[in-house]
Amino acid sequence: MPGESPHFDRLQRELGEYFRGERDAFTVPVVAPGTAFQRKVWDGLGTIPYGTTRSYGEQAARLKMPAAVRAVARANGANRISILIPCHRVIGSDGGLTGYGGGLWRKRFLLDLEQRPGRTRRPAKSRSPA
């Protein structure tokens, strides 16, 4: 719904810090409507450390659902809050880039951004619910 929110200033500040290399996690409150399974997958995305990647299979195994690789990938793709919920950090088992709603060039950009040397990291405090 269009309009103003006190969270927008914080979101803009945190995204700016992320793109300048000053932030590696976000504290802005996030509401991500989805099924219980999708929310579990999205919560799991938040455990992938900044600057690293995991395969869809590794992510499924960490969620204790090793046979659910395709379902995990589908839920990953249903994430509508990319960057804040870092779905770009999940890659194919061969190390290749696969599936990203914003285009693989954006996924590559975000992964490269997180690998740039000299990035200062500002750890996030716990995210408060909205």
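Is Ile 83 buried or exposed? In this predicted model, where local features need pLDDT of at least 70, side-chain atom pairs count only at pLDDT 80 or more, and totals for chains, interfaces and linings use all residues, Ile 83 turns out to be buried, with a relative accessible area of 16%. Residues are numbered from 1 along each chain as its sequence is written, and side-chain values use heavy atoms, with hydrogens and water left out. As for cut-offs, buried means under 20% relative accessible area, exposed means over 50%, and partly exposed is what falls in between (1.4 Å probe, protein chains only).

On to the overall layout. The protein chain has five helices and two strands, where helices (H or I, at least four residues) and strands (E, at least two) are DSSP runs numbered from the N terminus. Reading along the sequence gives the pattern α-α-β-α-α-β-α. The protein chain has 130 residues, and 36% of them count as buried. Its accessible surface comes to about 7800 Å², with 56% of that belonging to carbon and sulfur atoms; these areas come from the Shrake-Rupley method with a 1.4 Å probe, and for residues, only the protein chains shown count as cover. Among contacts (heavy atoms within 4.5 Å) with a separation of 6 or more, 61% involve residues 24 or more positions apart.

Next come the aromatic rings. Searching the whole structure turns up four aromatic pairs. Rings of Phe, Tyr and Trp (its six-membered ring) pair if their centres lie within 6.5 Å, and planes under 30 degrees apart count as stacked, over 60 as edge-to-face and the rest as tilted. Tyr 18 and Phe 19 make an edge-to-face pair, at 5.1 Å centre to centre with 80° between the planes. Tyr 18 is buried at a relative accessible area of 1%, while Phe 19 is partly exposed at 35%. Tyr 18 also pairs edge-to-face with Tyr 50, here at 6.3 Å centre to centre and 90° between the planes. Since Tyr 18 sits in helix H1 (residues 6–19) and Tyr 50 in the loop between helix H2 (36–45) and strand S1 (54–55), the pair ties together parts that are 32 residues apart in sequence. Both of these tyrosines, Tyr 18 and Tyr 50, are buried. Ring pairs link Tyr 18, Phe 19, Phe 26, Tyr 50 and Phe 109 into a cluster.

In strand S1 sits Ser 55, buried at 10% relative accessibility. Leaving aside residues up to four places away in sequence, Ser 55 touches Val 90, Ile 91, Gly 92 and Ser 93.

Lastly, the backbone. Lys 64 has a phi near 60°, a positive value in a residue other than glycine. Lys 64 lies in the loop between H3 and H4 and is exposed at 71% relative accessibility. Ile 83, from the opening question, has a phi near 75°, also positive in a residue other than glycine, and lies in the loop between H4 and S2.
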